[in-house]
Amino acid sequence: MLIPLDYYRILGLPIQATAEQLQQAHRDRTLQLPRREYSEVAIVARKQLIDEACTVLSDSDGRKAYDVSFLAKTYDRESEAAIAAKQRSKTSAWQATVLQDDPGETVPAESNALDAVPDPHTPSIEIDDNQFVGALLVLQELGEYELVQKLGRPYLNNGSIALAEGRFGDPQLVRPDIVLTVSLACLELGREQWQQGQYQNAAKSLEAGQELLLRESLFPSVRGEMQADIYKLRPYNILELLSLPEEKVAERRQGLQILREMLEERGGIDGSGDDRSGLGIEDFLRFVQQLRKHLTSSEQQTLFEVEAGRPSAVATYLSVYTLLAQGFAARQPAMIRRAKLMLMQLGRRQDVHLEKAVCSLLLGQTEEASRALDLSSEKEPLVFIREHSQDSPDLLPGLCLYAEHWLQEEVFPHFRDLANQSVSLKDYFADPKVQAYLEALPSDAETANEWVVVQPRSGKPQGKLPPAGDRPPAPPQPPATKQGASTVTLTPVPADTSTAASDPKDHSRAAALGAISAVPNQTAEARRPAASTPKHRRRPHSTGGSGAIGQGLTGSFADRARTLAAQISAQVKSMPPNKLALLVVAGVLSLLILWWILSLFASAIQALSGPSLQGEQASVSLEAPPVEIPPLAPAPEPSAPATAAPVSGAITDEAAGQIVQSWLSAKAAALGPNHAVEELKQVLTEPALSRWELMAQAQQKNNAYQRYVHKLQVKGVKTNPTNPDRMEVEAQVTEKAEVFDRDQLVTSRNENLRIRYDLIRQDGQWRIMDWQVMK
C-alpha cells in the first residue's frame, strides 16, 4: 500500500544531507523509542521503516533514482496552487468527520483511506500492510496529526473488516496501537491549536481524543493527560466564547456555564478549591478581571450576586460595581442604594469608605459622603479630591469630579454594554426619576453597617480585585477569622443624630445638586470653588448624671445672683436723693407686708396640727412594741431573668453562654422585621447599648432589616482579678445573615467569628458592654 511519506522525512533530514549525517540520523531515530504504551508490533514496524529509509538513501544509485522522483513531485510549480486548494478541501472534509463526538459518526469507507489513488504531487512510499501501524506512528512523530486521524479513524469503526481479519497484524495488538496513535494525534493537535489561540478548536480536539479512549476503554494515563489539558484550557475557552458577538447566544451561554462549573469547583471567586486549571487565587482573580469586559452588566449582576451569597467578599464587591454601573446608567438610584447596603457589609473587613462616599453622593446624602471621606485611608484619591475642593467649605466639588472620573475610567470600561457610554453627574441628577427617588429617600443614616474596623489593617483590601496587568499583585489577605490575622475591635456605627436636625428633602439634596452644578466642564477650571449649602448640626446636649446637673444648676444660679446684685448696686448709687427716699419707704412697707404674711402662714400650720392632748397619757416605750408583732414570713425571691448570673462566685461556661445567647437573640429581634429595639436593654449596657439602639432605629426608619441564624460555643470565661463585677467571655459565633431592603433580599453572608465579650455586673445581673473580634 502507498503511504504519504518519504524517506527523508522518516529520518528527519533535508535532501542535501551527507552520508555521515544520514548514519547519525539513523542512529538517533533508532534510539528514540516511542511511548511505552505501544506494543512490540508497532515498535518493530516503525524500526523497519527507519531501516528501509537508511538503506535506500545510503546506496548512491538508489538515492539518485529516488531523488529524481522526489524532486519531480515536490517542485512541480505548475500544479502548486491546485495542490494547496485540494489539500484545504481534504482538511475540511476530514475535520467534519474526525471531530464528531458521536460514536456512530459517519466516516469514509476504510477502503478510501489507503486504497484510493494517491495524489501524484505528494511524495509517497510503498509499505507492507503489517507496517501500517509503524507508518502511523512515524507520521504522528512528524507532527502530521490531521493525516494520522484521517488514515487511522476509519479502521476504528465497529465492524472494521480489514482490522478484524488481521490485515495489519494481530487485531488484539494492532487496534490498541491505532487507538493510541490517533488519540495522541488529538492530544498534540489540541496543544498546537492552544498555542495558536484557537481555544475552541483545541477543546474539540482534546474532547475527541478523550471520547475515543473512553469508547475503547484504553490507556487511562493518556486520557488523564487529556483531561488535565481540558481543565487547564477552560479559562481560555471561556474567554474566547464570551468574547463572541452577543448574537452568538448559545456559544456565550456555554462559556458562562463552564465558568459556573469552575466557580463551583473552586468554592467561589476567592475560594481555595481545586478546579484543576492550575490557577491560584491571585491568577484566578486576574482571569475574572479579564473576562468582565466581555460580559454585559446584566450578565455580571446575575453571576456575581449568586456568588456573593456563598459568601464571597470579592463577588460582593463586584456586585457593588455592577449595581453602581447599572443604577447610574439606567438612572435607577434604588440599585445604588442596594450597592451601598452591600458596601456596609464589606466595611466589616476592609476600607470601602471611598466607594460609600460615591454612593452617598449619588443618593444626595452629602453629609454622609463627607463622613465617609473622613474615614477613608485611600491617599491618592483623597489628595485629588482635596486639590479640587480648594476654597470650598467641604470636599463635595472634588468628590463630584472624582466620582465622574472613577465611573468613566474604572467602572464602565469593565462592562460590555457600558464601555462606550459617557458619564455626567449633571445629567444624572437632572433626570426626573432620580429627583423623585431622592426626594422620597429617608435621611442619610447608616442602615445596615453593624461593624467598623477601628484598628487599621495592613495589606490590600480583601474584597477588591487585582488589576488584569502583566504581573499579578499580592494575593488577597485571609479573613479575620483565619490564623495570622491581627486582632481588631469592631464597633457598631450609629446613625448620626445630626441628620435629624435637617429634612432629608432640603439641604442634603440641594448641596449635592449645588456642588455638581458647580463642577466645571473644563480641566483648567477644576480648581474653582464650588457652591455648597452649609451643614446644619445640633449642639450636643448634656448627658451627665444628676450630680453634675445639680452642680451645674447651682453654679448657674450663683453666677446669675451675683450679676443681678451688682446691677442693683450700680443702679442704687446712680439714683437721686428723692428717689432713694421713696425706695427706702417702699422697702420698709414690703418688710411689714412680708411679716404679716408669714404670721398668717404660721397660724395655719398650728391649726392643722390639731388640739393638744390633756389628762394621763399612755406609757409607750421605745425598747419594746405595745403589742406583740408576729414574725413576717420570708418573701419569695423574684425569678431571675434568663441573662442573670450568680451575684457571687465564679460564673460557669453555661451561664456565660446564656448571656451571649441572649444578646444574639436580642440582636436578631432588634434588627429583624419586627424591630424589637427594646430587647437590647435587657442584655446590653453602655457604650454598646446606645450605638445599637440608634442602628436599629435607623434600620426601622429606612425599612431595612436582617434575618439571623446563630450558633454559639463558649471557649472560655475569665473573671477580672481586681474587679469581681467584670469578666470576659470568649466564644465562637457562627452567624448567617440575610439583609433586606424593603422586603427585597440585598445580600447575605455566613461568617465564623471568634469574639471576646466584655461583661459587667449591674444590680446583680451581667450585661455586655462591648466586644472584640479576635484573630
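Predicted model: local features only at pLDDT ≥ 70, side-chain atom pairs only at ≥ 80, totals over all residues.
1. Residues are numbered from 1 along each chain as its sequence is written, and side-chain values use heavy atoms, with hydrogens and water left out.

2. On confidence overall, the protein averages a pLDDT of 75, and 66% of the residues score at least 70. Residues 90-112 also have pLDDT below 50, and the model gives this stretch 34 contacts beyond near neighbours in sequence.

3. Of the 775 residues, 44% are buried; buried means under 20% relative accessible area, exposed over 50%, and partly exposed in between (1.4 Å probe, protein chains only). Among contacts with a separation of 6 or more, 69% come from residues 24 or more positions apart.

4. Next, the cores. A nonpolar core here is a set of buried Ala, Val, Leu, Ile, Met, Phe, Trp, Tyr and Cys residues joined through side-chain atoms within 4.5 Å. The largest one has 58 residues, and those with the most contacts inside it include Ile-3, Leu-5, Ile-125 and Phe-168. Helix α10 supplies the largest share of this core, ten residues. A second, separate core has 48 residues, Ala-339, Ile-385, Ala-403 and Val-411 among them.

5. For the aromatics, rings of Phe, Tyr and Trp (its six-membered ring) pair if their centres lie within 6.5 Å; planes under 30 degrees apart count as stacked, over 60 as edge-to-face and the rest as tilted. That gives 21 aromatic pairs. Take Tyr-155 and Phe-168: the ring centres are 5.2 Å apart and the planes at 85 degrees, so this pair is edge-to-face. Tyr-155 sits in the loop between α8 (145-152) and α9 (161-164), and Phe-168 in the loop between α9 and α10 (171-195), so the pair ties together parts 13 residues apart in sequence. Both are buried, Tyr-155 at a relative accessible area of 0% and Phe-168 at 1%. Elsewhere, Tyr-7, Tyr-8, Tyr-66 and Phe-70 form one aromatic cluster.

6. Two arginines are worth a look. A charge sits over a ring if NZ of Lys or CZ of Arg is within 6 Å of the ring centre and within 35 degrees of the ring normal. Arg-266 lies over the face of Phe-284, 4.1 Å from the ring centre, and Arg-292 over that of Phe-415, at 5.6 Å.

7. Helix α7 (residues 132-141) is mostly covered, with nine of its ten residues buried. Gly-143, which follows α7, has a positive phi near 85 degrees.

8. Finally, some backbone checks. The peptide bond from Arg-310 to Pro-311 is cis, with omega near 10 degrees, and Pro-311 is in the loop between α15 (297-308) and α16 (313-329). Arg-276 is not a glycine, yet has a positive phi of about 60 degrees; at 40% relative accessibility, Arg-276 is partly exposed. Asp-763 also has a positive phi, near 55 degrees, and is exposed at 86%.

Note on methods: Helix = DSSP H or I, 4+ residues; strand = E, 2+ residues; numbered from the N terminus. pLDDT = per-residue confidence, 0-100. Contact = heavy atoms within 4.5 Å.
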